[in-house]
Amino acid sequence: NVIIYGETGSGKDLVAKAIHEYSARKGNYVPVNCGAIPEQLLESEFFGHEEGAFTSATRRHVGFFEEADGGTLFLDEIGELPLLMQGKLLHALQNDAIRRVGGTVDVPVDVRVIAATNRDLEHQVEEKGFRLDLFYRLNLLPIAIPPLRERPEDVLPLVRRFLAELCASYGITQEPQITARAVEIAKTHPWPGNVRHCLLYTSPSPRDV
């Protein structure tokens, strides 16, 4: 299991996808934004449910864990999971098995979890907002992505990449030249939104083009 630490927009999801693609795991890569799922749906979305488990359960639903069996489950913004769900996630990781909502038997799963967060999980543990046992279970290989302002050598390659993509999308055959002054400004810009901000900064409007 891996935890990727980094500010918003620093590319945690791309690092997670690269880990999966370069690993021996050839199963599905299942990305999940933990902060985007309503709390009352978390257990059903993660572990699935059986037909008739609740009023709207008209058929069996396969959850994220079963979908990622043999592959990788990427849990973005892991720090936003409520404590109750953290305990259920820990149980699944400890036993390599899940139980669907409304089910009576455990379903074995082989899942490698990559988590990501822009929060200080150790501080959350101290504040009782994140389970210590889950932290230890996930934090086997921590990877920290420096913010873009600390790696100015990456700015120009990123700008060139985004310019090429934008020119292709607008049908521009002659790519604009990047002036020395523009390079200087880009390298000293604080990039509060990191790579995502870099893309927005590079993107012209159709009027500008």
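Biologist: In which loop is the place of Glu 77?

Modeller: In this predicted model, Glu 77 touches Asn 33, Cys 34, Gly 35, Ala 116, Thr 117 and Asn 118, leaving aside residues up to four places away in sequence. As for its own place in the chain, Glu 77 is found in the loop between β3 and α4 (83-95).

Biologist: Which side chain of opposite charge is nearest to Glu 77, and how far away is it?

Modeller: A salt bridge needs a side-chain nitrogen of Lys or Arg within 4 Å of a carboxyl oxygen of Asp or Glu. Glu 77 is buried yet has no salt bridge. The nearest side chain of opposite charge is Lys 12, at 4.6 Å.

Biologist: Which residue in β6 is the bridge partner of Asp 76?

Modeller: Strand β3 (residues 72-76) runs parallel to β6, and five bridges join the two. Strand β1 (residues 2-5) also pairs with β6 in the parallel sense, over four bridges, and there the partner of Ile 4 is Ala 116. For Asp 76, the bridge partner in β6 is likewise Ala 116.

Biologist: Which residues of β6 point the other way from Arg 112, Ile 114 and Ala 116?

Modeller: In a regular strand the side chains alternate between the two faces of the sheet. Strand β6 (residues 112-117) is mostly covered, with six of its six residues buried. Opposite to Arg 112, Ile 114 and Ala 116 point Val 113, Ala 115 and Thr 117.

Biologist: Is Lys 17, which forms a salt bridge with Glu 21, buried or partly exposed?

Modeller: Lys 17 and Glu 21 both lie in helix α1 (residues 12-21), four residues apart, which is about one turn of the helix, and their closest N and O atoms are 3.6 Å apart. Buried means under 20% relative accessible area, and exposed means over 50%. Because its relative accessibility is 33%, Lys 17 counts as partly exposed.

Notes: Residues are numbered from 1 along each chain as its sequence is written. This is a predicted model: local features need pLDDT of at least 70, side-chain atom pairs count only at pLDDT 80 or more; totals for chains, interfaces and linings use all residues. Side-chain values use heavy atoms; hydrogens and water are left out. Buried means under 20% relative accessible area, exposed over 50%, partly exposed in between (1.4 Å probe, protein chains only). Two strands pair if DSSP finds at least two bridges between them. Lys and Arg count as positive and Asp and Glu as negative; His and the chain ends are not counted. Contact means heavy atoms within 4.5 Å.
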